[in-house]
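Dear colleague,

I am passing on the structure we spoke about, and below it you will find my notes on what turned up in it. Please read them with the model open beside you.

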Amino acid sequence: SVGRAEQTFYVSLGGNDAWSGRLPAASARKTDGPFRSVARARDEIRGLKGKGPTGPVTVYLGGGRYELAETLVFTPADSGTKEAPVVYSAYKGELPILSAGRKLTAIRDAKTHWEVDLPEVKQGDWEFSQLFVNGSRRMRSRLPAKGYYTIAGSAPRAAYLAEKASDAFRYDSRDPQLSPDENLLDIEIEVFHHWSTSKLRIGEIDRGARIITFTGATHRNLTPNTRYLVENTQAGMKAPGQWCLISSTGTLRYIPLPGETISSAEIVAPRHAAVMKISGDLDKKRWVEHLVFKGITFAHANWSTPLQGNVVS
């Protein structure tokens, strides 16, 4: 039957979600053409399936970076069948990127580095620990610049903690050189245990006793000579390609690599925790099936260390 014939839709950065999605490019009069978003194509296919069985459906994505307004969610309603799969594929020879990040604008040159104001960061609504410039990951500032610091000594732990847990350590007078104007909660310390690491956030620093106390605890003792790094400090901003995020002012600082210019750089910061979520219904035993993705890059998902830290139990 006609309803079971193979159907094709197109998505393009030059598209429009008000169009039919049936054409790979805009018509001469710009009255029809591809969709602008994958979510619009997904919803169109849901509508078709709601009217009865369909044949195979393929959605072709043109090249470029699709900035997702929210995580792309697929449910059992988006399933295909063995005979009629639903396929999302790169258009021939093109490289589509589904991005959970946001391209940053209004970048200013502060001579030693670039700066961007992010009001959502200042308001506490956005935090990220990764950054991508011209398609490549950039690393946060770190102390020391090379090698590691080592814990100088143990420190008293909170009374409620189990015997092997720890939430503080004593540091050497030479390490780390953190200025009083650093926002402590911005700073993360990565501790290297025997075969795992802990990422911890600083609650307070007793500069007299040289004790750093964290907002959460490890499940390993923080013992002398254990290696650690300090990330996302303003003091650690030394090398090209490094960056830090200052939550108190909502400022991103980035030291450009040689040859990078504000006018041509694409700086993307992660926004959503996931690019895509495929959710079956366990209670009703309804699964997402015969849904295929080909040639599509998934990029820029967000993650940040929670207040209690990220530790191996």
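**Strands, a cavity and aromatic rings**

Strand 10 (residues 131-133) and strand 22 (residues 267-270) run antiparallel and are joined by two bridges; strands here are DSSP runs of E with at least two residues, numbered from the N terminus, and two strands pair if DSSP finds at least two bridges between them. Within this pairing, V133 stands opposite I267 of strand 22. This is a predicted model, in which local features need pLDDT of at least 70 and side-chain atom pairs count only at pLDDT 80 or more, while totals for chains, interfaces and linings use all residues. Residues are numbered from 1 along each chain as its sequence is written, and side-chain values use heavy atoms, with hydrogens and water left out.

The two strands belong to an open sheet of four strands, with the order 7-22-10-11 and antiparallel pairing. Its edge strands, each pairing on one side only, are strand 7 (101-103) and strand 11 (136-138).

The structure also holds one cavity of 30 Å³ or more, a cavity being a set of points on a 1 Å grid over the protein atoms alone where a 1.4 Å probe fits but cannot get out. The largest cavity has about 70 Å³ of space, the volume being the space filled by probe spheres set on the points, which are joined across faces, edges and corners. Its lining residues (those with an atom within 4 Å of a point) are E127, F128, R140, D186, E188, R201, N232, L245 and S247.

Finally, there are 15 aromatic pairs, counted where ring centres of Phe, Tyr and Trp (its six-membered ring) lie within 6.5 Å, with planes under 30 degrees apart taken as stacked, over 60 as edge-to-face and the rest as tilted. One of them is the edge-to-face pair of Y148 and F192, at 5.2 Å centre to centre and 75° between the planes. This pair links distant parts of the chain, 44 residues apart, with Y148 in the loop between strand 12 (142-143) and strand 13 (149-150) and F192 in strand 16 (residues 188-192). Y148 is partly exposed at 41% relative accessible area, whereas F192 counts as buried at 18% (buried means under 20%, exposed over 50% and partly exposed in between, with a 1.4 Å probe and protein chains only).

With kind regards

Technical notes: 1 Å grid on protein atoms, 1.4 Å probe; cavity = no way out; pocket = protein on both sides within 12 Å on 5 of 7 lines; lining within 4 Å.
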